[in-house]
Amino acid sequence: MFNEWFGLLFVLINFILVLAMYRLFGKTGLFAWIGISTILANLQVIKTIEIFGLTATLGNAMYGTAFLVTDILNEKYGRKEAQKAVWLGFFTLLTMTIIMQMTLLFKPHPDDFAQQSLATIFGIIPRIALGSLAAYLVSQFADVYIFSYLKNKFPKDSQFWIRNNGSTMISQLLDTLVFTSIAFLGEFPPEVWIEIFLTTYILKWIVSILDTPFGYIAKRFTFDEDKGIVNEKRV
């Protein structure tokens, strides 16, 4: 049961760190977190674990924090800021992929000890990188638009859980379908692909539920820059 209870602790720490970044650095902290989460999630996904008797990959919790951050930005600063965060995450991931692939091409010194380890971590096949980039764009933009739509339909503060969970659960379904199809379909037998797809989405679904209280806490944070935005809207 270690992976199960430690996984819960791991998820909570992820979301606590998001709140800490936001509390300490305001909106800038949220944008910085997008870069952090996209890189770490794509490094963690290399590691497979067994949880609840099923095979799964890491990265779901960290990746889920990116959706929470774009929802917070959309909720407090508007859709354009959320879209800006999506593009920031995409180019962060693209930059990491390009730079680290070029890094691996350098001929290592005879005494070098890191090349093989770096190749293991960053020597991902092109279709996995493509799947990750495609899934990120599709799911994140879907999340932003669905959240905005739900915000018009359910605008009350008490209905934030509907906006947050509704947008994230649908967009995470798209993300899981796009990524697992591009990265793994044809590489594994159909039954293994289905198991990876289902376990990945279920874990993301659980993370989505757990992030809601942290979204409500973030909504209560106020900053000087927020007051400026409110005044501009009044004018």
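Modeller: A helix here is a DSSP run of H or I with at least four residues, a strand is a run of E with at least two, and both are numbered from the N terminus. On that basis the protein has eight helices and two strands. The model is a predicted one. In sequence order the elements follow the pattern α-β-β-α-α-α-α-α-α-α.

The crossing in which H2 passes H7 is right-handed.

On the H2 side, the residues that meet H7 are Asn-60, Ala-61, Tyr-63, Gly-64, Leu-68, Ile-72, Glu-75 and Lys-76. Their counterparts in H7 are Thr-200, Leu-203, Lys-204, Val-207, Asp-211, Phe-214, Gly-215, Ala-218 and Lys-219. Sorted by class, this contact of H2 with H7 comprises eight nonpolar, four polar and five charged residues.

Helix H2 has a further partner in helix H1, residues 2–44. The axes of H1 and H2 come within 5 Å and cross at roughly 145°, and this crossing is left-handed. The contact of H1 with H2 draws on 20 nonpolar, five polar and two charged residues.

Between strand E1 (48–51) and strand E2 (54–57) is a loop that holds Phe-52. Most residues other than glycine have a negative phi. Phe-52, in contrast, has a positive phi, near 55°. With a relative accessible area of 57%, Phe-52 is above the 50% cut-off and so counts as exposed.

His-109 belongs to the loop between helix H3 (79–105) and helix H4 (115–122), and its relative accessibility of 54% makes it exposed. From His-109 to Lys-80 there are 29 residues in sequence and 47 Å in space, C-alpha to C-alpha. Val-138 is placed in helix H5, residues 126–153; its relative accessible area of 40% makes it partly exposed. Leaving aside residues up to four places away in sequence, Val-138 touches Leu-174 and Val-178. Val-138 and Gly-53 are 85 residues apart in sequence, and their C-alpha atoms are 30 Å apart in space.

As for the whole chain, the C-alpha trace spans about 65 × 40 × 30 Å along its principal axes. A compact globule of 235 residues would have a radius of gyration near 18 Å, and the 19 Å of this protein agrees with that. Of the 235 residues, 46% count as buried. Among contacts with a separation of 6 or more, 75% come from residues 24 or more positions apart.

Note on methods: Residues are numbered from 1 along each chain as its sequence is written. This is a predicted model: local features need pLDDT of at least 70, side-chain atom pairs count only at pLDDT 80 or more; totals for chains, interfaces and linings use all residues. Side-chain values use heavy atoms; hydrogens and water are left out. A crossing is left-handed if the near helix is turned anticlockwise from the far one by less than a right angle, and right-handed if clockwise. Contact means heavy atoms within 4.5 Å. Ala, Val, Leu, Ile, Met, Phe, Trp, Tyr, Cys and Pro count as nonpolar, Asp, Glu, Lys and Arg as charged, and the others, Gly among them, as polar. The radius of gyration is taken over C-alpha atoms; the globule rule is 2.2 Å times the number of residues to the power 0.38. Buried means under 20% relative accessible area, exposed over 50%, partly exposed in between (1.4 Å probe, protein chains only). Axes are lines fitted to C-alpha atoms, for helices over the stretch in contact, and angles run from 0 to 180 degrees between N-to-C directions.
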